[in-house]
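The following note sets out some points on the model for discussion. Please read each point with the structure open.

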Amino acid sequence: MFFAVISIMPEMFRAVSDFGITSRALAKAQVVLHTINPRDFTTDNYRRIDERPFGGGPGMVMMAEPLEKAVLHAKDLAREHFSRLGRDDYHCPVVYLSPQGERLDEPMVCELAPLDGMILLCGRYEGVDERFLRRYVEREISIGDYVLTGGELPAMVLMDSVIRRLPNVMQDDNSALEDSFVDGLLDCPHYTKPHEFHGERVPDVLLSGHHANIAKWRFLEQVKRTKARRPDLWAAFTPNKEQSRWLKALDD
Ligand SMILES: NC(=O)c1ccc(NCc2cccc(O)c2)nc1
């Protein structure tokens with residue numbers, strides 16, 4: 001998967017490129033990451049990328065022109081990348097991370113993971129000149145209803161959530177399938193060694209080796225936890241046939 005991030009703080013992306021599963025995905029060339037600094041596309045001596053907002057008000061706004069040169073460069077990198085793969089039919093949308101965006105959730109991650117790539121625009125300050133956004137941005141995404149000092153952490157959250165769903169990236173591809181939210185419920189409790197921790201033992205069913213009982217126990221634990229913590233998810237949940245049978249047993 002191809003990623004190009006446009007950011008005035010490209011070093012922040014070492015968090016993705018130098019650590020963990022995302023760095024391994026990069027090393028195995030399952031993921032390509034380019035960082036592009038709009039400052040490199042400025043022409044004045046001060047390398048200006050922001051200016052005071054028209055109409056007054058606090059803070060600064062990111063200017064359209066350096067961002068335009070940066071995004072056109074990102075598109076060139078994408079074209080080169082995919083032409084090396086003999087492909088010219090790729091789709092690599094420009095995505096802007098902002099509190100005004102569509103809320104990122106697991107269904108959206110599943111929708112984004114199959115994309116050929118993404119060009120991620122990380123805003124800072126008060127935001128970006130609207131004329132640039134209207135001309136170049138295809139998707140605006142928010143990771144939650146709060147404001148951060150920049151779009152870099154949201155961009156890394158988005159990248160991480162997508163990269164872990166790529167085939168052969170996780171230790172066990174199934175782990176991404178059994179996450180919280182994947183089946184519309186929160187995840188069940190997990191246990192591992194030691195068998196006893198401050199006198200608290202592991203639930204017997206998990207030591208029974210009886211896989212059907214274990215699956216049922218885990219599902220019912222998911223249900224209990226989702227009902228208690230996320231009634232909104234529980235209200236939207238539609239059980240499959242087997243889950244409906246297990247639920248009936250719960251009510252009996
Ligand atoms: N919730 C998010 O995904 C998110 C994204 C970015 C961000 N900060 C940069 C920024 C960018 C644009 C406007 C703006 O007001 C702030 N903060 C939070």
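**Notes on the predicted model**

1. The C-alpha centres of domain 1 and domain 2 lie 36 Å apart. Domain 1 covers 2-172 and domain 2 covers 180-249; such bounds come from an automatic or database domain assignment.

2. This is a predicted model, in which local features need pLDDT of at least 70 and side-chain atom pairs count only at pLDDT 80 or more, while totals for chains, interfaces and linings use all residues. Residues are numbered from 1 along each chain as its sequence is written, and side-chain values use heavy atoms, leaving out hydrogens and water.

3. The largest nonpolar core has 29 residues, and those with the most contacts inside it are Phe3, Met118, Leu120, Leu158, Met159 and Val162. At least two residues of this core come from each of β1 (2-6), α2 (20-27), β5 (94-103), α4 (106-112), β6 (117-122) and α6. The most is given by α6, with six residues. A nonpolar core is a set of buried (under 20% relative accessible area, 1.4 Å probe, protein chains only) Ala, Val, Leu, Ile, Met, Phe, Trp, Tyr and Cys residues joined through side-chain atoms within 4.5 Å. Helices (H or I, at least four residues) and strands (E, at least two) are DSSP runs, numbered from the N terminus.

4. Leaving aside residues up to four places away in sequence, Phe3 touches Val31, Val32, Leu33, His34, Met118, Leu120, Met159, Val162 and Ile163, where contact means heavy atoms within 4.5 Å.

5. Leu148 is placed in the loop between β7 (139-142) and α6 (152-163).

Notes. Buried means under 20% relative accessible area, exposed over 50%, partly exposed in between (1.4 Å probe, protein chains only).
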